[in-house]
Amino acid sequence: MKRFLAAAVALIVLAWPLIARGPYPQHIMILVLLNALLGTAWNILGGFAGQISLGHAIFFGAGAYTSTLLAQHAAVSPWIGMLAGALVAAAVALAIGYPCFRLSGHYFAIATIALGEIAVIAVTNWDFAGGAVGLFLPVEGTGIAAMKFDDKPGYHYVICALLAVALGLSLWLRGARAGYYWRAIREDQPAARSAGVPALRYKQLAIALSAALTAMAGTFYAQYVLFIDPPSVLPLSLSIQVCLVTVLGGAGTIVGPLLGAAVLVPLSGLTSAMLGGSGRSLDLVVYGGLIMAIAVFEPGGLVAITRRMGTDLRTARARWRERT
Amino acid sequence: MAPEALRVSDVSAGYGGLPALHGVSLEVRPGEIVALVGANGAGKSTLLKCIAGLLKPWSGAIAFEGRGIGGLPAHRVVRTGVACVPEGRRLFLRLSVRENLMVGAYTQRDTGALDEVLALFPLLRERESQLAGTLSGGEQQMLAIGRALMSRPRLLLLDEPSLGIAPRIVARIYENLAAINRRGVTVLLVEQNVRAALACAARAYVLQTGRVVQQGTAAELLESDLVRKAFLGI
Amino acid sequence: MNPLAQALVSGLLTGLVYALIAAGLSLIFGVMEIVNFAHGEFLMLSMYLSFFLNASLGWDPLAALPLNAALLFVLGVVVYYALIRRVLRAPMLAQIFATFGLGVFLQAAAQFLWKPDFRTVGATVVSGTRIAMGGVFVSGPQLVAAGGAVATTLALWWLLARTGTGRALLATAEDRTAAALMGINANHMFALAWGLGAACVGIAGGLLSTFYYVFPQVGSQFALIAFVAVALGGFGSVVGAFAGGILIGVVESLAGVFVAPAVKNLFVFGIYLVVVLVRPRGLVGKQ
C-alpha cells in the first residue's frame, strides 16, 4: 500500500508541469521540492545523527555564493559550480564540526546560531561577494548546460533530480552502518562511544553530507532567482525554516521532510518570503506556534501523528469488527 | 497511634516494566532499629526508595504511623516525619557543610536542630565552612546523616551507610546510629555489610530477588543457615 | 578625551547590563539544564512594556522597574507551567524547539502587532544628562542602567547565597532528587528559576529602554550576546555569566572603536569560538 502511494505521488510530482499549466502552481511545486531537499539535507545531521543545527543557512549561502562567484569571475558552468559549492560547504562544515561537536545538545545549537550570525556579518562586509548589495546572475544564456530556463518546467526537473539524489542518499545511509552509528549517537552518545562507535568521525560525515546537499540547493536557488544577498540566503529565518520543515514532518524519517515541505509551503506563503527576502511576520507567528505545538505534543511530527492515527484507526476497526 | 511506626504491605515495584520487588511486607516498631539485608540486586534499595517516595510502587501499601504514604512524592514524604539518607549520600558538594545542613532543615521553621546535629558529629563542627565535596568518605556519610536529621524525623531510612567507607569509620557511624536511636528515632537501614547490620539492629529481614526469604531477631538470623552460608561465608 | 579609557568605560557600562541578562539566562540553565531560547524576547517584551507605560501613562521607566520585574516574573512562571513543564522529560530536540518556537512566536507577534518601527522612550529623569569623569564622558541613562544592573545582580546573589529559598534553588540545581528528599518541590523551584530569570531580564529591559531603541528584533541581538556571555562564563554559573557579560561588553566596545563598528560582533563571536575550542565548559562552568 505504502509503495503504491509513494509511486503515485512520485508520478504526480514528475508529471506536474503537464498537470498544472500555469507558472504559479509550477513555482509552488518547485518551492515545495526545494524545501523538501533542504529538509532532507538537514535531516541527515539533525534527524539521523541528532545534532540540532540552527545555522544551516551558512551552507545554503556557501553554495549560492560559490557557484555565482565562479560563474561571474571564471565563467564556470553552474553544474561545476554546484559541485564546487558542495565541496566548499563540506569543508566549512568539517571546520565547524571539529571544535563544535565537543559541545552537546543545547550548546551545539547555540554555537550554530552564533556561526550563522558571523556568516551574515562577514559576507555583508565583504565587497568581493557583493556585500550588502548582493550579486546578480545574468539573465541570458538559457538551457540545461547553463542551468537556466525561460520557464518553470526546466527548473522543476532539475530540482526533482537533486531531490532524488538526496533521498537516495538518505535511504541508502539509513540502512548502512552510518545510519546505525548515527542512531546510536543520537540516542546515547556516551554509550555509543563505549561500544566503540567513532562519534566525531561519523558526526563529521553527517554534517559534511548535510552541508553539501544544502549547498546544492543554494546553487539551484541562485540559478532560479538570479539574485542573492545575505538576507535571502544567509538569514536565521532560513535556518529556522529548514529545521521546521523536517521537524514538522518528522525528523529522522525519510518521508518527514517531504511531508513537512508539502504542508508548510502552501500553508505559510513561503513564496513571498523566499523571493522577497523579507518574511511577513504573520508567517513567523504561525511557525513559532507550530514549533511549540510539535515540541509539546508530538516531537515526532506529522509522520508520528499519522502513525498514531493509523493505529487508532486499526484498533477502532478491529473493535467494530468484534462487535458485529 | 498504630503499634507499628512503619508498615509495608505486599508492595511490588520495579523499573521500566522490570519487576524488582514481589509482594514484600515488613514492619518496623517505634524505637526499633531494623535492618534489610541481602545481596546486590535483591531489591533492598528499591524498597527503601518506595518508602522514601523516590519510586512509586506498582501495588501494595506503605503506612507510616497509620497514615498511607505509598505513592507520595519524596518532598511530601519527608514532611510526614520520614527522612532518608540515600545511597551514595548525594550531598550538595558545591555547598558547604553548614549549607548542606541548612538545606536539610528546609521543612522546619527554624534551624534549631543544627546544634544537636553538630553536637552529635563534632567533626562537622570543625569543618562547618568547608565545601562538602572536600570531605572524606566517612565525614560525608556523617554529614548526610546529619542533614537528614535536620528535618527532625521520627523514622530515619539509610541506604547502604557503610558503602565505600573504612571499617574503623563504619564502626563509628554505627555508634552514632545507636545514639540517634536512643534519642527516639526509629531506624530502618539497608546494608550489604550483614555483620555490621546485625550487630546494630534488633531485627532484620533478608531479601532475595525481590522477596522476603527470612526474618527474625538479629540473634536468630546470625544462627540461621541461610545467612551464615550466603553472607557470612560460614 | 582618551579613546581607550572612553571605550573601556563605555564597554564596562554596557557589559554590566549584558551581565544582568546573562545572569538570568544562567540561573534558568543552572537549575534545570534548559536553555531559554526566548530570553531575548522576554527582554524585548519588557522594553515594550516600558515604552507603552511611558507613551500612554507618562511613567518614567526607572520608576516602573518594579512593575517590569513583577510582570516578567509572572511571565516566566506562566511559561514554565504552560510550556516548559511539558517538555521536561521530552527529547532534547523538543526542549530546544519549545523555547525556540516561543521566541520566534513572540518576536513575530511583536512585529505584527506593533510594527517594526523603532521606538524611543520619552524623557526620563536622567535623559540627556552627561557626566564627565576624568576625561571620560558617560551618559546618565547608561550609568543608571549599569548601576541598576549591579544592584539587581547583587540582590540575586544575596537571594541565592543567603536565603533558604536560594539554597533550595542551588540544591535543586545540583541534585534535584536529593533536594526532594529534603522536602524541596522541584517543580516549584523550576518555576521560581524561570520567574527570577525573567525578572532579571525584565529589569534589564526597563533599564535599557531609557537609552536604547525599542523594536521587535532588539531581543535577538542581546540574546545572542547573552548566550555567548553564559557560554564564556560557564553554563550554570551566575557569577561566570556575569563576568562573561562584562568581558563581552568591553571587547565589543574596544573592537567597535579600534577596528570598525560593523564588525564588532565578529570579535564577540570570535572570542566565543575560541572559548568553545579551548575550554568548552566555560571559565567557571559546571559540566
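Of the 234 residues of chain B in this predicted model, 47% count as buried. The secondary structure of chain B comprises ten helices and ten strands. Along its principal axes, the C-alpha trace of chain B spans about 45 × 40 × 35 Å. A compact globule with 234 residues would have a radius of gyration near 17 Å, and the value for chain B, 17 Å, therefore agrees with that expectation. Among contacts in chain B between residues at least 6 apart in sequence, 66% join residues at least 24 apart.

Two pairs of chains are in contact, and chains A and C share the most contacts. This contact takes 34 residues from chain A and 35 residues from chain C. On the side of chain A that touches chain C, at least two residues each are supplied by α4 (78-100), α5 (105-124), α11 (236-249) and α14 (281-297) of chain A. By class, that side of chain A has 26 nonpolar, six polar and two charged residues. Chain A and chain B, by contrast, are joined by no contact, and their closest C-alpha atoms lie 17 Å apart.

Within chain A, helix α1 (residues 2-19) packs with helix α6 (residues 152-175) at an angle of about 170 degrees, and their axes are 10 Å apart. Angles over 145 degrees count as roughly antiparallel, and α1(A) and α6(A) are therefore roughly antiparallel to each other. In this contact, Val13(A), Leu14(A), Trp16(A) and Pro17(A) of α1(A) meet Lys152(A), Pro153(A), His156(A) and Cys160(A) of α6(A). The residues of the contact of α1(A) with α6(A) comprise six nonpolar, one polar and one charged.

Conventions. Residues numbered from 1 in each chain as written. Chains lettered and ligands numbered in written order. Predicted model: local features only at pLDDT ≥ 70, side-chain atom pairs only at ≥ 80, totals over all residues. Contact = placed C-beta atoms within 7 Å. Helix = DSSP H or I, 4+ residues; strand = E, 2+ residues; numbered from the N terminus. Nonpolar A, V, L, I, M, F, W, Y, C, P; charged D, E, K, R; others polar. Axes fitted to C-alpha atoms, helices over the stretch in contact; angles between N-to-C directions. Parallel < 35°, antiparallel > 145°, perpendicular 65-115°, else oblique. Rg over C-alpha atoms; globule rule 2.2 N^0.38 Å. Buried ≥ 20, exposed ≤ 12 C-beta atoms within 10 Å, placed from the backbone.
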